[in-house]
Amino acid sequence: MRPRRRNVTRSIAVHSYKGGTGKTTITANVAVALALKGRRVGVMDMDLEGPGLHVFFDLDPSQLRFTVNDVLAGVAPPEAACVRMSEKMNLNGGEIYYTPASVKVSEIMRTLKEGFELDTFENAIRRLQEKFGLHYLLIDTHPGIQHDTLLALGICDHQVVISRVDQQDIFGTGVLVEISSTMDKPVHLILNMIPPRIRESEVLKFARTLGAHFTVDMAGWLPFSEEVIGSLSKAILTLKMPRNPMSQRFRGLAEAIESFA
Amino acid sequence: MRGSRGVLLAVTLFLGILVAVGGLHKVNAAGEGFTLTSLPARTSEGNASGVDLTLSVTNAANPGSYSFTWTVTDPSGGSASTTKPVLSTAAAWTVAAKYPSDFGASLNLVGSYDVIIAENLPSLNSSIATGQFTVGLTDYTSYQRTSTVHVEASGYLPADNVTINIVYGATSVSGYPSSKNADPTGAVQFSWQTAVDSALGNYTVSLAGTNTVAKNPADIQQVIVYPTNITLTPLRTGSIVVQRTETVDFWFNATYPNGAFVNTGSAPLRLMEPDGVTIHTVNAIYDLSSGTYHAAYPTSLTHAQGTWTATVASASFTDAFGNSGPSTVQQTSFSIQRATLAVSLLSSSGTYAQGSVIPLYTKVTVPGNYNFTQGAVSAVFISSGRTIVGPISLVYDQSLGKWTGSYKVNRVDPTGTWVVTIIASDNYGNIGQGTASLNVDTQGTQTSADLGWVVWLLVLVIVGLGCGILILRRRGVIHREVKLDVQAIKQKANEVKGDDFLQSIQTQLKRRAERIAAEKEKRD
């Protein structure tokens, strides 16, 4: 285990221009991969319009007392909305502290309508960091370019943009990278769902092309996987099928995140 | 005395009623009963047998002497008589006179002949009984189509040229008028064969001699032609037992009274389901090739099982001219059973290794010999009596006309001969299955058994070509399909960068950075 300094939490916003890019799947699997390495990982669902992480973690947010919506509204402290997943997931010494988003329509609408301040968000992150001694805080955002996601991008130390290799997604990813660069945050790219007919060398060549025009570096790429699709967002492959080639890929992404400067 | 008068009055009254009812009775004063019978009541001209005019006497004096005179008035008004004495030896007896032979007369005129009998002895009575008989030209007055109308006339000069005509409405029927010479006795005979399509209704038959003095009344008579009855042979079916989707064939022959086969029109067959309520109808039409009436009823996978009844109702068969039949119901039965589906599995003869996919292409056909497309088809793999996997659902591929599926051989699967059983079924109890065997080897690598080196070489060439094409196709897929329009991206990003909210965030971030820097400086 590589030692990390206490109180230096790396907050990472996981974002995409379009929905369905595998953003949440990657967030859940990388979080588990990091935890299995002994890291203390916070996972926050900031996809306030369409939360989905709770499905991977097999939790029903409506049964919880508080969610991140309550935190952003100033109703509850961040740690009160945080669920420790380690024992349930048997993470071998690592920790996952999961902050779900509300699935109640009324609360979703309230949060989107009232909005929240950068400081509120930042304080919440700092509180979690201090309370749980996190190594990483992965923030799953809502796809697209909206106020809440811009806030998340602004507050995090790193931005990971997930993109598929299609015309629309690449265009939007380019726009996202351009905007993120104005916040002086390192932006990392993960190309996902690469069709089998495309070779790795070509993926890397494309990533280099992007890097030549935009301030972004390649964090990794993932092939299209029927196992991942077939899991129907109900299972974290890295945990359930650790020997699966895709689990290996997710562990590779975790390694890449650990190498973020 | 008063008692005997009462008896006489009663007998007289009784006999009077008999006369009123029968129209032929009269009673003489002595108490005898008289009845006149004309046989036949109708005949045609020149009938050599004549007409028997029989007088029946009851309650006659015994012994006693009787004498009667018959007088017949023909349609022209002329009359002829004959007298016959009778020696009574019983209480009841008959005496007859034959017209025209006993009268010295003839049967040469059409119309009604009136008969009156007078008693000469023992009493004198001018009319003890009366009657009638009719003389015409034809053997009957009405005919079914296809029947033959026999015409017989007499009273013409020997060898006289007689004109014959048969008229329907104002038009002579085909072949008429015609002419024929009378025979040496002055008689003329001919026949008219009605047809299946003869017009229905009244026809007028008339004859007229060339040299013979015109008859009074003339030889004219009407006949009526009716539709004919069609007779059906028993209704038969090609198969007493059929499976669903097979076609049930029915056939029968239809004939006219003259024996000619019917070849027009149709008959509805009523097919009754085993529930005795539900009725289906199919039409039987004439099949030129077999010369029969034929109906085909295709059954489906959902038809009710059990015994069905096929019926041709009476008078339901109608030919093209309005003739109908049969006079009695024709009926047969047949049984529908569930369909046994034919399952043929198109399997490869190769050996399947770990990781290889066993394709399942299955053709399922119904007994009616078309594809089974609705239902469930599944496969079960068995090896050494143990189920390896299954049931695996197969899906119908419309373009292939087959049910398809596959199974990928796992590392843990046993090596050896596998039997795959395909079972096809539906919700209606139709079912079928087929099996095939294949070899599986999970110990070695994926290979194909029984391939000669030539086949191997061919496979390698094909694989090589395929790989080459694949590599060529894969080269530059992203660059070919995804255009990286940097200028457009930057232009779009600049639009967002101008957004107030983003600028607000940037301002907050800047202040935050300054605050952190100040705190750090303060700490230092």
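1. In this predicted model, strands β30(B) and β32 (residues 357-365) of chain B pair in the antiparallel sense, with five bridges between them. Within this pairing, Ser344(B) stands opposite Lys363(B) of β32(B).

2. The two strands belong to an open sheet of eight strands with mixed pairing, in the order β30-β32-β35-β34-β33-β36-β37-β31 (chain B). Its edges are β30 (342-346) and β31 (351-353) of chain B, each of which pairs on one side only. From one strand to the next, the twist averages 30 degrees.

3. Turning to the interface, chain A contributes 35 residues to the contact and chain B contributes 27 residues. About 3,100 Å² is buried between chain A and chain B, and carbon and sulfur atoms give 65% of that area. Arg197(A), Arg199(A) and Glu202(A) account for 19% of what chain A buries against chain B, more than any other three residues.

4. Two salt bridges are found across the interface of chain A and chain B. One of them joins Arg515(B) to Glu122(A), where the closest N and O atoms are 3.8 Å apart. That separation lies inside the 4 Å limit applied to salt bridges. As for polar contacts between the chains, the count is one residue pair, with both residues at pLDDT 80 or more.

5. On the side of chain A that touches chain B, the elements giving two or more residues are α6 (118-132), α7 (147-155), α8 (167-181) and α9 (200-213) of chain A. By class, this side of chain A has 17 nonpolar, seven polar and eleven charged residues.

Definitions and conventions. Residues are numbered from 1 along each chain as its sequence is written. Chains are lettered from A and ligands numbered from 1 in the order in which they are written. This is a predicted model: local features need pLDDT of at least 70, side-chain atom pairs count only at pLDDT 80 or more; totals for chains, interfaces and linings use all residues. Side-chain values use heavy atoms; hydrogens and water are left out. Contact means heavy atoms within 4.5 Å. Buried area is the accessible area (1.4 Å probe) that two parts lose on being put together, summed over both. A salt bridge is a side-chain nitrogen of Lys or Arg within 4 Å of a carboxyl oxygen of Asp or Glu. A polar contact is a pair of N or O atoms within 3.5 Å; within protein, one must be able to donate a hydrogen and the other to accept it, and residues adjacent in sequence count only if both atoms are side-chain atoms. Helices (H or I, at least four residues) and strands (E, at least two) are DSSP runs, numbered from the N terminus. Ala, Val, Leu, Ile, Met, Phe, Trp, Tyr, Cys and Pro count as nonpolar, Asp, Glu, Lys and Arg as charged, and the others, Gly among them, as polar. Two strands pair if DSSP finds at least two bridges between them. Axes are lines fitted to C-alpha atoms, for helices over the stretch in contact, and angles run from 0 to 180 degrees between N-to-C directions.
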